[in-house]
Amino acid sequence: MVSPAIALAFLPMILTLIIRYRYYFVLFYRAVLVRWVQDCLTGISREERAFQYILTHATPGNPDSILDTFDYWCSKVEFISNIGPKKGLILDRLLKETCPLTVLELGTHCGYSAVRIARSLPVGARLYSVEMDQRNAQVAEKIIRLAGFDDDTVELIVQPSDEVIPRLREDYGVERLDFVFMDHWKRCYLPDLQLLEGSGLLGEGSIILADNVIFPGAPNFLRHARRSGLYELRVHRATLEYIRGIRDGMAELVFLGLK
Ligand SMILES: C[S@@+](CC[C@H](N)C(=O)[O-])C[C@H]1O[C@@H](n2cnc3c(N)ncnc32)[C@H](O)[C@@H]1O
Ligand SMILES: [Mg+2]
């Protein structure tokens with residue numbers, strides 16, 4: 001048994017830790033505990049629960065309505081690590097400025113960012129969205145099609161990124177990637193960037209936008225972007241999706257061409 005005197009002595013330290021890391025506790029509660037309880041209660045996956053909510057609350061064929069409904073669910077009901085509305089604005093702006101014709105997304109999850117990208121693309125542009133998890137991809141497919149995007153605009157590729165990138169030219173006829181959005185496991189960022197460099201699919205001015213480079217963070221990726229001399233790098237400061245108080249950021253890399 002801990003004596004009351006010892007407990008009292010540690011109380012200020014415990015309170016300080018709780019106050020300092022309160023947003024991380026909120027994240028743990030929303031992303032892990034609520035999800036676990038809901039998994040047990042509903043017997044379906046969190047992604048399927050999100051889809052059921054969107055299906056019953058959003059307007060089919062209206063990407064704005066799908067995204068707003070998804071944002072509401074992630075803020076008020078459960079947490080999913082979509083790029084979210086605030087960092088989403090950075091993505092929207094870059095897409096509007098650059099009007100890319102061929103876009104690659106690594107990490108589709110439920111299709112939130114795929115819908116966000118697709119709604120900003122110019123006519124005739126194509127998004128290849130890569131997701132290695134079959135169950136996530138099934139939900140993403142339903143959400144992307146519910147938003148009104150067909151296979152010609154958004155092609156979902158269900159495979160790990162390191163298997164897809166080397167085959168983009170041969171299997172999908174891609175000649176150049178104008179825009180790459182990275183939002184898959186952070187440990188894959190650097191190896192996949194190097195695969196992209198080796199693929200010859202990046203051209204001068206191609207943009208790579210990488211989410212979560214501050215939290216959870218991708219230090220090796222940032223170091224390479226800074227030191228390789230291949231990119232102009234800018235980090236857009238932001239906060240983590242749907243949780244205020246946790247600092248995050250997106251890295252924008254502009255490819256300068258191979259020397
Ligand atoms: C953070 S979620 C993506 C969120 C999504 N971009 C959005 O904003 O709506 C990350 C997803 O990447 C997928 N993933 C992780 N590593 C991958 C890889 N190497 N290849 C393909 N998918 C991957 C995971 O299965 C997960 O669904
Ligand atoms: Mg992310």
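**Where the domains meet**

Modeller: The centres of domain 1 and domain 2, taken over C-alpha atoms, are separated by 24 Å. Domain 1 covers 4–77 and domain 2 covers 84–255; such bounds come from an automatic or database domain assignment. The model is a predicted one, in which local features need pLDDT of at least 70, side-chain atom pairs count only at pLDDT 80 or more, and totals for chains, interfaces and linings use all residues. Residues are numbered from 1 along each chain as its sequence is written, while chains are lettered from A and ligands numbered from 1 in the order in which they are written.

The contact between the domains takes 20 residues from domain 1 and 19 residues from domain 2. Two residues are in contact if their C-beta atoms, placed from the backbone, lie within 7 Å. On the side of domain 1 that touches domain 2, α2 (22–42), α3 (46–57) and α4 (63–77) each supply at least two residues. Helices (H or I, at least four residues) and strands (E, at least two) are DSSP runs, numbered from the N terminus. The largest share of that side, seven residues, comes from α4. By class, the side of domain 1 that touches domain 2 has 14 nonpolar, three polar and three charged residues. Here Ala, Val, Leu, Ile, Met, Phe, Trp, Tyr, Cys and Pro count as nonpolar, Asp, Glu, Lys and Arg as charged, and the others, Gly among them, as polar.

Ligand 1 comes next. It is surrounded by 19 residues, and the closest are Gly107, His109, Tyr112, Ser113 and His184; a residue is near a molecule if its C-beta atom, placed from the backbone, lies within 6 Å of it. The elements that give two or more residues to this shell are α6 (112–120) and β2 (126–131). The shell divides into eight nonpolar, eight polar and three charged residues.

As for the whole, the protein has 12 helices and seven strands. Its radius of gyration, taken over C-alpha atoms, is 20 Å, close to the 18 Å that the globule rule (2.2 Å times the number of residues to the power 0.38) gives for 259 residues, so the protein is as compact as a globular protein of that length. The C-alpha atoms fill a box of roughly 70 × 45 × 30 Å, taken along the principal axes. Among the contacts with a separation of 6 or more, 73% are between residues 24 or more positions apart.
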